[in-house]
Amino acid sequence: MAISIDPPQAARAPSAPLARSAKLGWAVGDFGFNIYWQSLNLLMMPFYTDVLGLSPALAGLVFLLASFWDGFADAVIGAIADRTRTRYGSYRPYLIFASPLLAVCFMASFLTPQGEQGGLFLYALLSQILLRTAYSVVQIPYSSLAARISADSNERTEMAGWRIAFAMLGGMTVTFAMPSIVDALQAQTGPDNAYAYVIAAGVVGFASLPVFWLCFAATREPSAMVDANPKGFHLGAIAEDIRTVGVILSRNGPLLRVFACMIVSSLAFTMTNKCLTYYIIHDLQRPDLRQYILPFTLFVQFLFCPVWAAVAQRTSKRAAWLSANLVSVVAYAAFYFNESRDPVIAAALLGFIACANAAYLTLIWAMLPDTVEYTEWTTGQRHDAKVFGVASWAKQVALGVNGFALGALLTAVGYVEGGARQSAEAVAGVKAIMTIAPLIGLALSAWIMWGYRLDQATHARIRADIAARGVQR
């Protein structure tokens with residue numbers, strides 16, 4: 001497939017500074033998305049093992065197989081979004097028209113049908129595939145807007161900081177609201193209320209819809225960029241776009257490093273998040289605190305996302321990432337060697353970990369938009385949604401592999417499904433899982449990020465070169 005090197009004039013990125021209202025209007029969208037993402041990240045694995053009754057191994061397999069589907073679905077969704085043409089733009093319409101389906105799929109994923117392990121596994125798998133697909137249909141176009149509405153690297157870093165701050169607020173909301181609603185319903189109707197989780201999911205899911213509508217209203221896609229991506233919607237075009245993804249990856253070294261760091265960091269640090277509920281219930285022996293400690297860690301990330309964005313603006317995204325690595329090593333080591341079961345001490349150490357983890361969340365989404373111009377520089381077209389589609393797939397594959405690995409590790413340390421009292425060995429094993437795996441991930445991500453060279457100055461030169469090519473045409 002031949003790819004033009006000279007970009008069309010229409011592909012030139014906008015240069016006017018964004019108004020604060022537009023930055024915040026876009027960033028608030030991630031509040032809605034993290035209603036769903038933090039549920040997958042923090043609540044779904046314990047729900048599968050302790051409420052639905054799946055074995056840890058089968059629960060982990062659900063995450064792994066669903067992530068394989070994401071690889072295909074996200075590529076198709078990204079290709080379709082890039083080729084979408086409406087009076088509202090290419091990406092914004094999905095925030096309005098696809099988000100209600102996402103809320104319905106979210107409710108369905110928390111049903112608790114009766115059956116043997118095989119039937120429960122099949123239901124969990126199909127419902128999670130539907131949820132992930134609906135999530136991607138809305139989230140990939142949303143993320144692609146970051147590269148469309150701003151072309152300035154520092155501005156994008158600021159937007160990423162606000163985006164992740166709103167994401168943490170969404171996570172705080174769902175991790176407090178869902179357990180609280182479930183507990184309140186079960187206190188009134190009994191602990192076996194099969195619909196408590198579905199009702200809780202419906203409340204928080206439909207509460208996300210006005211957030212997406214606000215994001216739609218607050219953003220605009222520049223008319224000058226309407227033809228920056230390929231156009232023409234047909235099956236052959238979608239197949240061509242999927243092949244184009246391979247070309248993009250082969251010519252974009254910075255993008256490969258960002259993807260690798262996304263996979264490694266998500267795979268490692270999600271171990272902490274997924275184990276946190278188990279740790280609170282079985283190690284601290286305070287299940288009543290889960291709706292407070294989980295939001296607290298997200299609140300710390302909310303506070304520090306803009307801080308890490310400011311560090312990246314003053315230094316570089318690479319330097320900020322490596323600095324966060326050092327903080328994380330100290331934080332995880334302190335948590336691992338702490339033997340106290342005082343929830344205040346535990347929360348303080350978990351907050352220390354969350355402070356550093358905020359950097360990875362912020363910097364990934366600050367670096368990705370810069371790689372869109374790098375793609376345009378090397379291929380002649382931007383392919384915004386394809387870049388973010390592959391990024392979404394990488395993130396969800398990491399979540400899937402993480403879930404599978406966690407299921408295997410929980411089985412290895414002797415964790416028993418069904419919410420039973422766990423052995424001392426299983427409790428100690430959970431704590432080891434949530435600390436040692438992230439430390440390994442820290443070492444890998446630092447090694448990968450060491451070679452990342454797409455800093456602010458390099459990105460500015462690439463933008464200038466793209467603009468010059470357009471003028472020459």
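Helices here are DSSP runs of at least four residues, numbered from the N terminus. That is how to read a label such as α11 or α12, and the loop between those two helices is where Q285 lies.

Keep in mind on this tour that you are looking at a predicted model.

**Stop 1: the loop with Q285**

Select Q285, in the loop between α11 and α12. Its phi is near 60 degrees, which is a positive value in a residue other than glycine. Is Q285 buried or partly exposed? Its relative accessible area is 41%, so Q285 counts as partly exposed.

**Stop 2: colour by confidence**

Now colour the chain by pLDDT. The average is 84, and 91% of the residues score at least 70. Among the elements of the chain, helix α5 (residues 99-108) has the highest mean, 95, while helix α10 (residues 235-250) has the lowest, 68. Next, pick out residues 1-14: the pLDDT is below 50 over this stretch. Even there the model shows 47 contacts beyond near neighbours in sequence.

**Stop 3: the largest pocket**

Show the surface and go to the largest pocket, with about 640 Å³ of space. Of the 26 residues lining this pocket, select F47, D50, V51, Q186 and Y197, the closest to its centre. Which elements give two or more residues to the lining? They are α2 (29-52), α7 (153-189) and α11 (253-283). Helix α2 has the largest share, with 6 residues. Colour the lining of the largest pocket by class and you get 16 nonpolar, 6 polar and 4 charged residues.

**Stop 4: aromatic rings**

Across the whole structure, a search finds 20 aromatic pairs. One of them is F106 with F110, an edge-to-face pair at 5.3 Å centre to centre, with 85 degrees between the planes.

**Stop 5: the largest cavity**

Hide the surface and move on to the cavities. How many of 30 Å³ or more does the structure hold? There are 3. The largest cavity has about 470 Å³ of space. It is lined by 29 residues, and the closest to its centre are W37, N41, S266, L361 and K395. Several helices supply at least two residues each to this lining: α2, α6 (117-149), α7, α11, α12 (290-314), α14 (343-379) and α15 (384-413). The largest share, 7 residues, comes from α11. By class, the lining of the largest cavity has 15 nonpolar, 11 polar and 3 charged residues.

**Stop 6: the second largest cavity**

For the last stop, select T272, N273, L276, T297, Q301, L350, I353, A354 and N357, which line the second largest cavity. About 70 Å³ of space lies inside. Helices α11, α12 and α14 each give at least two residues to this lining, and the largest share, 4 residues, belongs to α14. What classes of residue does the lining of the second largest cavity have? It has 4 nonpolar and 5 polar residues, with no charged ones.

Conventions
Residues are numbered from 1 along each chain as its sequence is written. This is a predicted model: local features need pLDDT of at least 70, side-chain atom pairs count only at pLDDT 80 or more; totals for chains, interfaces and linings use all residues. Side-chain values use heavy atoms; hydrogens and water are left out. On a 1 Å grid over the protein atoms alone, a cavity is a set of points where a 1.4 Å probe fits but cannot get out, and a pocket is an open set with protein on both sides within 12 Å along at least five of seven lines; lining residues have an atom within 4 Å of a point. Grid points are joined across faces, edges and corners, and a volume is the space filled by probe spheres set on the points. Ala, Val, Leu, Ile, Met, Phe, Trp, Tyr, Cys and Pro count as nonpolar, Asp, Glu, Lys and Arg as charged, and the others, Gly among them, as polar. pLDDT is the predictor's confidence in each residue, from 0 to 100. Contact means heavy atoms within 4.5 Å. Rings of Phe, Tyr and Trp (its six-membered ring) pair if their centres lie within 6.5 Å; planes under 30 degrees apart count as stacked, over 60 as edge-to-face and the rest as tilted. Buried means under 20% relative accessible area, exposed over 50%, partly exposed in between (1.4 Å probe, protein chains only).
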